[in-house]
Amino acid sequence: MKKLNLLLLIPILGLIITSCDSSDDPMAPVNTKGSIYLTSNPAGAQIWIDGDNSNLVTPDTVLNVEEGVRNVTLKLQDYKDTTFAISITAEQTSIVGPIVLTSDIITVFYGGSPIRIYETVGTDTTQPSGLDLSSGMAYGISSSQKGLVDIYYSSNGFLVQSANIFPGLVRETDFYVGASTDIYDGTDSPLNNTGTWTNNISDTENNYVFLYDHDGHYSKLRITGRGGGVPGVPAWVEVQWYYNETTLDNRF
């Protein structure tokens, strides 16, 4: 009798197991999630989905993203946040990129053709000594635009120096000599309250120089050429520079 009962239970258990493994079971859970593979230029941007940090950076794949339209934000230091919408399909991987990120460093480059300024002695109105860093314009230090001059080229010691050193000019600019001649190297300026800042540089300086002007803007300037300084020909220097348009922003 005990053996008969055991035989009867075996097919019953088999039916139960078969029923639970059926893929046609309407009660089985449905996968509603997909994935996103993201790349960016430059790489290394944080990936945020619908305002939540995925704790991943590009290039990478975000798994288990709920299907539907999702808002993706890429975040990287020195670049603007980039947000876009993408439609996610369950059980599929969406490939996005490379997304080109936009720098949030707002600089203007002056001196594609280097700008020339002349020493203060033995020059005429066509040979300006001063520079307005914000506009890229050269002005005479005795001209009607002298109030715009940030730095000028002085015959006294042949120095490029802060405008406020010259009588009647008020704009003060600080100088910090950098460690390289490559103005395009991406090096940021030290903050104005750190390190050794002065009010001038020699016209023989070859390294680029960081400047901090009267309005709290940073520039990155290099002397690219020099000449004159002989009888009848006033000394001159040619310069090029980056000007950061954002106040107190020392990035380049």
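Select tyrosine 110 and tryptophan 241 to begin: tyrosine 110 is buried, as is tryptophan 241. The model on display is a predicted one.

The rule for ring pairs requires centres within 6.5 Å. By this rule, the structure contains 11 aromatic pairs. For one of them, display phenylalanine 109 together with tyrosine 242. Their ring centres are 4.7 Å apart and their planes meet at 50 degrees, so this pair is classed as tilted.

Return now to tyrosine 110 and tryptophan 241. These two residues also form a tilted aromatic pair, with 5.3 Å from centre to centre and 45 degrees between the planes. Tyrosine 110 is located in strand β8 and tryptophan 241 in strand β17, so the pair ties together parts of the chain 131 residues apart in sequence.

Next, select Tyr176, Trp197, Tyr212 and Tyr218, which ring pairs link into a cluster.

The tour ends with two lysines. Select lysine 75 and tryptophan 48: the charged end of lysine 75 sits over the tryptophan 48 ring, 3.8 Å from the ring centre. Then select lysine 220 and tyrosine 208, where the charged end of lysine 220 sits over the ring of tyrosine 208 at 4.5 Å from its centre.

How values were computed: Residues numbered from 1 in each chain as written. Predicted model: local features only at pLDDT ≥ 70, side-chain atom pairs only at ≥ 80, totals over all residues. Heavy atoms only, no water. Phe/Tyr/Trp six-rings, centres within 6.5 Å; stacked < 30°, edge-to-face > 60°. Helix = DSSP H or I, 4+ residues; strand = E, 2+ residues; numbered from the N terminus. Buried < 20%, exposed > 50% of the residue type's maximum accessible area, 1.4 Å probe, protein only. Lys NZ or Arg CZ within 6 Å of the ring centre and 35° of its normal.
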